[in-house]
Amino acid sequence: MAVITVAHVRKSFGTLEVLKDISFSLEKGEVLSVIGPSGSGKSTLLRCITNLEQIDSGTITIGSDTLVNQGVYADKTTISRIRLQVGLVFQNFNLFPHFSVLRNITEAQVHVLKSPKADAADTAMDLLKKMGLSDKASAYPYQLSGGQQQRVSIARALALRPQVLCFDEPTSALDPELTGEILAVIKELATEHMTMMVVTHEMAFARDISNRVIFMDDGLIVEEGSPEQVFSNTTNERTKRFLNRFGN
Amino acid sequence: MAKLLWLMLEGTLTSLRIFFLTLLFALPLGLLVAKGRMSKHRIISSLVNGYIMIMRGTPLILQLIFVYFAPYYVLGASADRFTAVIIAYVINYAAYFAEIYRGGIQSIPQGQLEASSVLGFTKVHTFTHIVMPQVIKRIMPAMGNEVITLVKDTALAQTIGVAELFRVAQNAAAREFSTMPIFIAGVFYFVMNAIVSKSFDFIERKLDYYR
């Protein structure tokens with residue numbers, strides 16, 4: 001069953017077309033990595049799927065709900081429902097600085113899912129334990145390292161039990177050591193068959209965890225396939241040129 | 001001397017009423033004005049911008065006179081003096097507060113709104129629980145300045161004959177052929193502002209639990 005289906009999506013910022021007829025789908029339990037040079041449109045694609053940007057034409061379906069059908073967006077209630085199905089982890093975390101770690105994770109459970117506070121706190125503590133941050137529940141984001149902040153933001157997204165979790169360059173703001181921390185977490189989620197879509201510059205990681213890889217350039221999907229195919233056996237000149245720069 | 005102090009305390013009470021009533025109405029009104037100023041509707045934002053330009057671009061004393069006398073010429077009746085003072089101060093201070101709010105709101109990183117959106121918060125929840133708490137912390141120093149100015153601006157109310165602290169002091173000075181009451185009034189203002197600035201220090205320290 002496809003969790004995300006994207007068909008013929010186009011998106012322009014002014015006269016600059018950043019997504020040119022993008023189509024792909026993401027199956028349940030699958031981990032999809034999206035790689036490509038900066039400005040290739042991969043983050044924009046993710047932002048369209050999470051409804052932070054609106055597309056100009058095309059269709060996006062999440063689970064059984066259609067977010068946008070041939071350029072026409074669903075009504076507000078449907079969009080709110082869809083929104084909860086898709087979690088997003090940002091490059092620069094975007095934790096709420098005035099909330100404790102615990103409240104960062106419980107706020108949406110309580111106010112959006114309407115879970116009782118105690119249940120929300122239990123869920124949050126379970127997730128923090130999983131992230132190795134049980135002792136940080138009452139800390140504030142500024143007291144944490146970048147890697148810890150990113151783990152909290154992953155917990156915050158997971159707390160809503162999304163069908164799919166999207167990552168927008170989750171390690172780009174971190175040093176190599178902290179990057180390893182986050183990659184380990186994502187890898188663990190992959191072994192639990194969490195459906196994930198990861199926009200990343202970490203080639204070795206993408207190769208390691210993905211079931212499928214999409215290489216984007218200039219608003220187009222240049223190549224799509226298994227990690228072996230894209231990283232080792234590609235015949236596409238553009239893909240080769242891009243990967244060579246990473247020493248692949 | 002005791003009688004003089006008693007009179008001045010009465011004047012101070014009027015000054016304090018002006019002060020608190022102005023804050024009570026201008027603080028929320030300012031937020032509304034800031035929202036209007038940031039509105040996507042061109043007409044609303046330029047109208048509000050015009051209002052802010054007039055309020056900040058002309059003397060408060062003139063606005064005070066206008067609010068008191070203009071209705072008399074147009075409608076043949078004026079609001080009572082004290083009400084006129086409150087109206088003038090509120091619309092003037094709301095304009096200044098609005099610009100402080102706007103600066104604060106626009107300084108909140110876009111990522112905070114995006115995270116709120118992805119988590120499914122309503123616009124109202126995002127504004128009241130995510131944006132405003134952070135705005136309040138950021139605007140405290142600027143608000144402190146403005147509130148201290150308000151304490152001193154209450155002295156202008158005498159222009160349309162409201163007997164606040166400074167008018168009482170001036171009257172006493174004239175009666176007793178002494179400048180002493182005016183200097184005593186100065187001490188009164190200083191004490192009030194010392195309390196205001198200590199209060200702001202206190203709030204800023206309270207909000208210092210995060211960065």
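Which residues touch the most other members of the largest nonpolar core?

What we have here is a predicted model, where local features need pLDDT of at least 70, side-chain atom pairs count only at pLDDT 80 or more, and totals for chains, interfaces and linings use all residues. Residues are numbered from 1 along each chain as its sequence is written, while chains are lettered from A and ligands numbered from 1 in the order in which they are written. For the model, the scores are ipTM 0.93 and pTM 0.90.

Now, back to the opening question. The core has 74 residues, and the ones touching the most other members are I60(A), A155(A), V164(A), C166(A) and M197(A). By nonpolar core I mean a set of buried Ala, Val, Leu, Ile, Met, Phe, Trp, Tyr and Cys residues joined through C-beta atoms within 7 Å. Buried means that 20 or more other C-beta atoms lie within 10 Å of a residue's own, exposed means 12 or fewer, and partly exposed is in between, with C-beta atoms placed from the backbone. Helix α5 (residues 146–158) of chain A supplies the largest share of this core, five residues. Helices here are DSSP runs (H or I, at least four residues), as are strands (E, at least two), numbered from the N terminus.

Where does this core lie? Domain 1 (2–85 + 163–244) and domain 2 (97–161) of chain A both contribute residues, so the core lies between them. Those bounds come from an automatic or database domain assignment.

Let's stay with M197(A) for a moment. Leaving out residues up to four places away in sequence, M197(A) touches I4(A), L26(A), L32(A), V34(A), L46(A), V164(A) and C166(A). Touching, or being in contact, means that the C-beta atoms of two residues, placed from the backbone, lie within 7 Å. Apart from this core lies another one, of 34 residues, including V48(B) and Y96(B).

Next, the two domains of chain A. Their centres, taken over C-alpha atoms, are 25 Å apart. Nine residues from domain 1 of chain A and 11 residues from domain 2 of chain A take part in the contact. On the domain 1 side, helix α6 (residues 176–191) of chain A gives the most, with four residues. That side of domain 1 holds eight nonpolar residues, no polar ones and one charged. For these classes, Ala, Val, Leu, Ile, Met, Phe, Trp, Tyr, Cys and Pro count as nonpolar, Asp, Glu, Lys and Arg as charged, and the others, Gly among them, as polar.

Helix α6 of chain A also contains T179(A).

How do the chains meet? In chain A, 18 residues are in contact with 16 residues of chain B. On the chain A side, α2 (76–83) and α3 (101–111) are the elements that give two or more residues. That side divides into 11 nonpolar, six polar and one charged.

Finally, chain B. Chain B has eight helices and zero strands. Its C-alpha atoms fill a box of roughly 70 × 45 × 20 Å along the principal axes. Of its 211 residues, 31% are buried. Chain B averages a pLDDT of 96, and 100% of the residues score at least 70; pLDDT is the predictor's confidence in each residue, from 0 to 100.
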